[in-house]
Amino acid sequence: MFNLKNVAAVLVVPLLCSATAWAAPDEFNITLGVVGADPDVGKIMASLYDSAESYMEDSLVDIATDVDEHGSVRLNLGSHAPGQFAIVIFYDKNENGNLDTNFIGIPKEKVGFSNNAKGRFGPAMWADARFLLERANLQVEIELIQASKN
């Protein structure tokens with residue numbers, strides 16, 4: 001004999017499960033991996049930007065962390081709603097909290113940008129560094145580069 005409560009459960013539960021499977025989460029995690037620093041020396045300073053207008057001016061997230069024994073870093077930049085983002089990093093080798101530059105403003109310390117974008121006569125452009133956070137947690141890898149010969 002059928003119980004109406006059981007019939008309702010059999011019909012409703014699969015509908016709820018399928019709706020949940022298709023629903024997109026509100027936010028996704030961005031994790032950053034950085035390579036190219038000297039082992040156990042200095043800090044990586046990372047900034048996350050969420051628009052061309054804020055790029056290099058008003059960061060969404062700023063994080064500093066010590067370089068590990070392999071000359072690399074893993075950072076969690078938090079969970080964010082889908083959209084376009086860019087990451088800018090520099091290797092604060094002397095741990096003074098600043099990006100050291102030469103007399104004409106070229107960085108003396110290593111720098112990096114998402115997509116491993118490179119700048120021409122300055123930092124990488126937003127269009128080159130931006131990436132899309134859309135449907136899943138994202139792992140971004142950046143290799144530090146030396147802008148000047150010091």
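G97 touches M45, F90 and D92, leaving out residues up to four places away in sequence. Contact here means heavy atoms within 4.5 Å. G97 sits in the loop between β5 (83-92) and β6 (111-113). Helices (H or I, at least four residues) and strands (E, at least two) are DSSP runs, numbered from the N terminus. At 42% relative accessibility, G97 counts as partly exposed. The classes are these: buried is under 20% relative accessible area, exposed is over 50%, and partly exposed lies in between (1.4 Å probe, protein chains only).

The model is predicted: local features need pLDDT of at least 70, side-chain atom pairs count only at pLDDT 80 or more, and totals for chains, interfaces and linings use all residues. Residues are numbered from 1 along each chain as its sequence is written, and side-chain values use heavy atoms, with hydrogens and water left out.

N96 is partly exposed, at 36% relative accessible area. Its C-alpha atom is separated by 9.5 Å from that of K43, 53 residues apart along the chain. E95 belongs to the loop between β5 and β6 as well. E95 is partly exposed, with a relative accessible area of 44%. Most residues other than glycine have a negative phi. E95, not a glycine, has a positive phi of about 55°. D40 has a positive phi too, near 60°. D40 is found in the loop between β1 and β2. With a relative accessible area of 55%, D40 is exposed.

Now step back to the whole chain. It has two helices and eight strands. Along the sequence they follow the pattern α-β-β-β-β-β-β-α-β-β. Of the 150 residues, 33% are buried. Among contacts with a separation of 6 or more, 71% are between residues 24 or more positions apart.

The largest nonpolar core has 22 residues. A nonpolar core is a set of buried Ala, Val, Leu, Ile, Met, Phe, Trp, Tyr and Cys residues joined through side-chain atoms within 4.5 Å. I30, L32, I44, L48, I87 and I89 have the most contacts inside this core. Two or more residues each come from β1 (28-35), β2, β4 (72-80), β5, β7 (131-133) and β8 (138-143). Take I44 as an example. Leaving aside neighbours within four places in sequence, I44 is in contact with V34, A37, I63, A64, T65, V67, V73, I89, F90, Y91 and L144. Another core, of twelve residues, lies apart from the largest one; Y49, F90, F113 and A129 are among its members.

Where is empty space left? Rolling a probe the size of a water molecule over the atoms shows it. The largest pocket has a volume of about 500 Å³. A pocket is found on a 1 Å grid over the protein atoms alone: it is an open set of points where a 1.4 Å probe fits, with protein on both sides within 12 Å along at least five of seven lines, and lining residues have an atom within 4 Å of a point. Grid points are joined across faces, edges and corners, and the volume is the space filled by probe spheres set on the points. Of the 26 lining residues, L99, P107, V111, F113 and P123 are the closest to the centre of the pocket. β2 (43-49), β3 (61-66), β5 and β6 each supply at least two lining residues. By class, the lining has 18 nonpolar, five polar and three charged residues. Ala, Val, Leu, Ile, Met, Phe, Trp, Tyr, Cys and Pro count as nonpolar, Asp, Glu, Lys and Arg as charged, and the others, Gly among them, as polar.

Last, the charges. The structure holds four salt bridges. Each is a side-chain nitrogen of Lys or Arg within 4 Å of a carboxyl oxygen of Asp or Glu. D38 pairs with K93, the closest N and O atoms being 2.6 Å apart. D38 is in the loop between β1 and β2 and K93 in the loop between β5 and β6, 55 residues apart. D66 and K43 also form a salt bridge, at 2.5 Å from N to O. D66 lies in strand β3 and K43 in strand β2, so this pair ties together parts 23 residues apart in sequence. E134 forms a salt bridge with R135, at 3.8 Å between the closest N and O atoms. E134 is partly exposed at 40%, whereas R135 is exposed at 68%.
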